[in-house]
Amino acid sequence: MESIFEIILIGFAVVMIYDIIGSLLSRYLGFEYVWWAFGSFIIYGVFTSYIDQNNGLTLALISAFSLGVFDGTVGLLIADKLKATIREKDREVIKINFSLIIQMGIIAVIMGLIAVLAF
């Protein structure tokens, strides 16, 4: 059985790879990067459910929050560096700041909790 830290690191790696792929695809195929967020929600749910089954709900929700914070910082930096397709109007909304980072963490917790309750 993996430790909680190993699972979280795997979650970070999955989010990072997902953001890299999404950034490149949005740039080369021309779709809006913000639509890629729905896949992130699925990742949050899967990892939260897995951690809940193996380590309990409290650790699962804390892990989901950290995954959302990671996505709200590193994920958006990846999108910026790889020049993902983001409309100017949306750039202001997803500008990295403390508020957005906390919101991403909360969204990850909500998506994770929905997954835990659904499955």
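Colleague: How many residues of the lining of the largest cavity are nonpolar, polar and charged?

Modeller: This is a predicted model, where local features need pLDDT of at least 70, side-chain atom pairs count only at pLDDT 80 or more, and totals for chains, interfaces and linings use all residues. Residues are numbered from 1 along each chain as its sequence is written, and side-chain values use heavy atoms, without hydrogens and water. Ala, Val, Leu, Ile, Met, Phe, Trp, Tyr, Cys and Pro count as nonpolar, Asp, Glu, Lys and Arg as charged, and the others, Gly among them, as polar. The lining of the largest cavity then has 6 nonpolar, 4 polar and no charged residues.

Colleague: Which helix gives the most to the lining of the largest cavity?

Modeller: Helices are DSSP runs (H or I, at least four residues), numbered from the N terminus. H1, H2 (37-55) and H3 each supply at least two lining residues. With 4 residues, the most is given by H3.

Colleague: Are H1 and H3 roughly parallel or roughly antiparallel?

Modeller: Axes are lines fitted to C-alpha atoms over the stretch in contact, and angles run from 0 to 180 degrees between N-to-C directions. H1 (residues 4-29) and H3 (residues 57-81) pack at about 30°, with axes 9 Å apart. Angles under 35 degrees count as roughly parallel and over 145 as roughly antiparallel, so H1 and H3 are roughly parallel.

Conventions:
Parallel < 35°, antiparallel > 145°, perpendicular 65-115°, else oblique.
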